[in-house]
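Subject: Structure handover

Hello,

Please find the structure below. My notes on it follow.

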Amino acid sequence: LLLVGLAAAIALPLAGVGASRWLNSYAYHAGLSPWIFAGPLAFIVVLTLAVTSYRILSAARANPVTSLRYD
């Protein structure tokens, strides 16, 4: 989660500034709300936790004899 937070801290301000500049070039532009950035960030955090939990549980359930046999 630390790496996801670091990536978000770098990417979100850059994306906000870039999107704001891009939308200002149009005559009719939509505003940017924080939910546009918070929604995908929440999805990425949940996805990271799900994948990490799956990998931890599969490693914990693995039979150590099987892995030692191939080493």
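Ile-10 counts as exposed because its relative accessibility is 51%; exposed means over 50% relative accessible area, buried under 20%, and partly exposed in between, with a 1.4 Å probe and protein chains only. This is a predicted model: local features need pLDDT of at least 70, side-chain atom pairs count only at pLDDT 80 or more, and totals for chains, interfaces and linings use all residues. Residues are numbered from 1 along each chain as its sequence is written, and side-chain values use heavy atoms, with hydrogens and water left out.

Ile-10 sits in helix H1, residues 2–24. Helices here are DSSP runs (H or I, at least four residues) and strands likewise (E, at least two), numbered from the N terminus.

Ala-59 belongs to helix H2, residues 34–61. With 57% relative accessibility, Ala-59 is also classed as exposed. Between Ala-59 and Ala-9 there are 50 residues in sequence and 31 Å in space, C-alpha to C-alpha.

On the chain as a whole: the protein chain has three helices and zero strands, in the order α-α-α along the sequence. Its radius of gyration is 20 Å, well over the 11 Å that the globule rule gives for 71 residues, so the chain is more spread out than a compact globule. That radius is taken over C-alpha atoms, and the rule is 2.2 Å times the number of residues to the power 0.38. The C-alpha atoms fill a box of roughly 65 × 20 × 20 Å along the principal axes. Of the 71 residues, 7% count as buried.

Regards
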